[in-house]
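Please look over the sequence and the structure shown below before reading on. The briefing that follows takes up one topic at a time.

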Amino acid sequence: SLKERFENIFANLRGKGKLTEEDINIALREVRRALLEADVNFKVVKDVVEAIRTRATGRQVVESVTPSQLIFTIVYEELVRIMGDAPVPLAVSPKPPTVYMMVGLQGSGKTTTSVKIARRMLKGHKPLVVACDLRRPAAVDQLRVLAEKAGVPFFGPEPGERDAVAVAKKSRAFAESRLCDLIILDTAGRLQLDDELMCELEEMKSASEPTEILLVVDSMTGQEAVNVADAFNKRLGLTGVVLTKLDGDARGGPALAVRAAAGVPIKLAGCGEKTEDLELFDARRMAQRIIGMGDMEGLIEKVQSATSEADIERMTQSLKTNRFTLEDMLVQLRQIQKLGPLEKVVEMLPIPGASKALKDAEIDPKRMKQTEAIILSMTPKERRNPEIIKGGRRRRIAEGSGTSVQMVNQLLAQYEQMKGMMKTFGKMAGGRGGFKMPR
Ligand code: GDP
Ligand code: MG
């Protein structure tokens with residue numbers, strides 16, 4: 001993945017004192033390759049890489065930040081720039097009704113997103129969702145059921161009706177009669193791009209004069225995303241993109257690629273199956289996910305403020321003395337628990353390898369209680385100096401916590417693993433090494 005690749009690039013750059021031209025070239029070669037593989041438009045890749053080079057070279061390499069930190073922030077800022085700095089809200093027509101037309105491949109999330117958007121617009125608007133996918137019999141019912149659950153008015157075809165464009169046209173009068181000022185057209189998709197569908201969509205466009213034509217893209221689409229965005233954009237003229245299923249595997253490629261290919265902003269992000277799981281697209285957060293780095297804004301601040309030799313000294317010292325103890329581990333584990341479903345959290349952790357280590361550790365609530373009991377059964381001295389916990393102490397702790405020596409062993413092994421990760425992160429970010437969520 002793009003994330004792993006970036007991790008590798010920066011692992012190579014880690015620990016060097018200054019950024020040489022050679023360093024920059026190596027890093028940029030990898031960045032270029034990663035972006036091209038993610039199907040980002042070639043011209044855009046070239047622009048980004050050149051921008052990074054200019055900024056990396058032109059800037060005096062600051063003494064107190066590592067080369068990897070410097071490159072990290074520059075790449076991050078450029079990725080944010082490509083995906084769009086600020087979120088772009090959905091347009092509302094000055095002359096109601098506002099019409100949104102949802103387009104995209106089958107399964108991309110059009111129907112779900114139609115209701116998500118309607119629900120989001122309930123504040124301040126009276127939305128109507130319209131079933132214009134007449135190709136699959138179940139599609140109309142799917143929209144009706146979702147709309148009903150979300151408390152959104154619904155309009156669909158008469159039984160046996162086959163003409164989607166006619167339904168879109170009729171929805172206007174229905175909307176007016178129900179005082180709805182926002183019409184959301186849920187259209188048909190295909191597994192592949194096809195001309196017949198495009199013609200239908202073109203007709204629907206001219207019949208319903210949409211305020212927004214939103215392309216819905218599954219963030220798992222990968223390589224295909226660019227072609228899809230390009231094709232829909234050429235035929236229909238898109239005004240925005242909705243990236244769905246961002247709750248799954250973190251993939252940044254499509255976000256970069258689609259933005260570049262269609263040249264229209266990514267406006268919204270689907271992040272779950274429920275109708276409330278819709279967020280404004282946040283390029284900063286997306287860029288953080290792409291490069292697998294948690295608190296980029298904090299790092300940027302540090303890079304910007306770190307200037308003097310005294311700073312290096314202080315930072316090095318604090319990293320050296322900053323020991324990761326079992327007490328810290330307990331705090332971290334509790335923090336992770338509070339953050340919600342592990343799968344959602346793990347991919348945002350700023351630590352390479354964290355995902356695997358934590359999955360191995362199987363942090364479930366029951367297990368967590370035992371972990372807690374074990375750590376609480378230790379003396380403060382043991383918690384701060386885990387290396388003194390040998391055979392006798394392990395037995396005592398196991399008994400005291402109502403667990404087993406084997407579980408105490410497991411916990412200590414897990415601790416060693418986390419300690420290793422903290423060190424890596426400390427080196428990488430020069431920071432405290434906490435699990436920070438991206439904003
Ligand atoms: P359509 O064929 O484009 O209308 O796609 P649907 O709206 O029917 O969605 C296809 C599947 O993807 C359904 O099972 C949805 O529940 C699911 N889905 C849509 N958006 C999201 C999302 O943001 N996250 C997750 N996890 N699932 C989604
Ligand atoms: Mg559908």
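This is a predicted model: local features need pLDDT of at least 70, side-chain atom pairs count only at pLDDT 80 or more; totals for chains, interfaces and linings use all residues.

**Residues in loops**

*More on the loops*

- Leu179 counts as exposed because there are 10 other C-beta atoms within 10 Å, and a residue with 12 or fewer is placed in that class.
- Glu209 also has a positive phi, near 40°, in a residue other than glycine, and the place of Glu209 is the loop between α8 (195-208) and β5 (212-218).
- With 11 other C-beta atoms within 10 Å, Glu209 is exposed.
- The peptide bond that leads from Pro96 to Pro97 is cis, its omega being near 0°, and Pro97 itself is placed in the loop between α4 and β1 (98-103).

*Nonpolar cores*

- In soluble globular proteins, nonpolar side chains tend to be buried together.
- The largest nonpolar core of this model has 86 residues, and the members that touch the most other members are Val130, Ile184, Leu185, Val241 and Val258.
- Helix α4 (residues 67-83) gives the most to this core, contributing ten residues.
- At least three residues of this core come from each of domain 1 (2-85 + 289-304) and domain 2 (98-280).
- Apart from this core lies another one, of ten residues, which includes Leu326, Met329, Ile374 and Tyr415.
- When residues up to four places away in sequence are not counted, Val241 touches Leu214, Leu215, Val217, Val258, Ala262, Val264, Ile266 and Lys267.

- Among the contacts in the protein chain with a separation of 6 or more, 78% are accounted for by residues 24 or more positions apart.
- Met83 lies in helix α4, and it counts as buried because it has 24 C-beta neighbours inside 10 Å, where 20 or more are needed.
- Leaving aside neighbours within four places in sequence, Met83 is in contact with Ala255, Leu256, Arg259, Ile266, Ala283, Met286 and Ala287.
- Met83 and Ala257 stand 174 residues apart in sequence, yet in space they are 8.9 Å apart, taken from C-alpha to C-alpha.
- Pro254 belongs to helix α10 (residues 253-262), and with 28 C-beta neighbours inside 10 Å this proline counts as buried.
- Between Pro254 and Val217 there are 37 residues of separation in sequence and 8.3 Å in space, C-alpha to C-alpha.
- Asn409 is found in helix α20 (residues 405-429), and its 13 C-beta neighbours inside 10 Å make it count as partly exposed.
- The C-alpha atoms of Asn409 and Gly391 are separated by 9.7 Å, and the two residues are 18 residues apart along the chain.

*Surroundings of the ligand*

- Ligand 1 is surrounded by 18 residues, and the closest of them are Gly109, Lys110, Thr111, Thr112 and Gly270.
- Helix α5 (residues 110-121) gives the most to the shell around ligand 1, supplying three residues.
- Sorted by class, this shell around ligand 1 has eleven polar, five charged and two nonpolar residues.

*A feature from the record*

- In an unreviewed entry, UniProt places the feature "domain: SRP54-type proteins GTP-binding" at residues 265-278.
- The span of residues 265-278 is 43% strand and 0% helix, and its end C-alpha atoms lie 16 Å apart.

Methods
Residues are numbered from 1 along each chain as its sequence is written. Chains are lettered from A and ligands numbered from 1 in the order in which they are written. UniProt positions are given in the numbering used here, feature names are shortened, and annotations may be inferred rather than shown by experiment. Helices (H or I, at least four residues) and strands (E, at least two) are DSSP runs, numbered from the N terminus. Two residues are in contact if their C-beta atoms, placed from the backbone, lie within 7 Å. A nonpolar core is a set of buried Ala, Val, Leu, Ile, Met, Phe, Trp, Tyr and Cys residues joined through C-beta atoms within 7 Å. Domain bounds come from an automatic or database domain assignment. A residue is near a molecule or strand if its C-beta atom, placed from the backbone, lies within 6 Å of it. Ala, Val, Leu, Ile, Met, Phe, Trp, Tyr, Cys and Pro count as nonpolar, Asp, Glu, Lys and Arg as charged, and the others, Gly among them, as polar.
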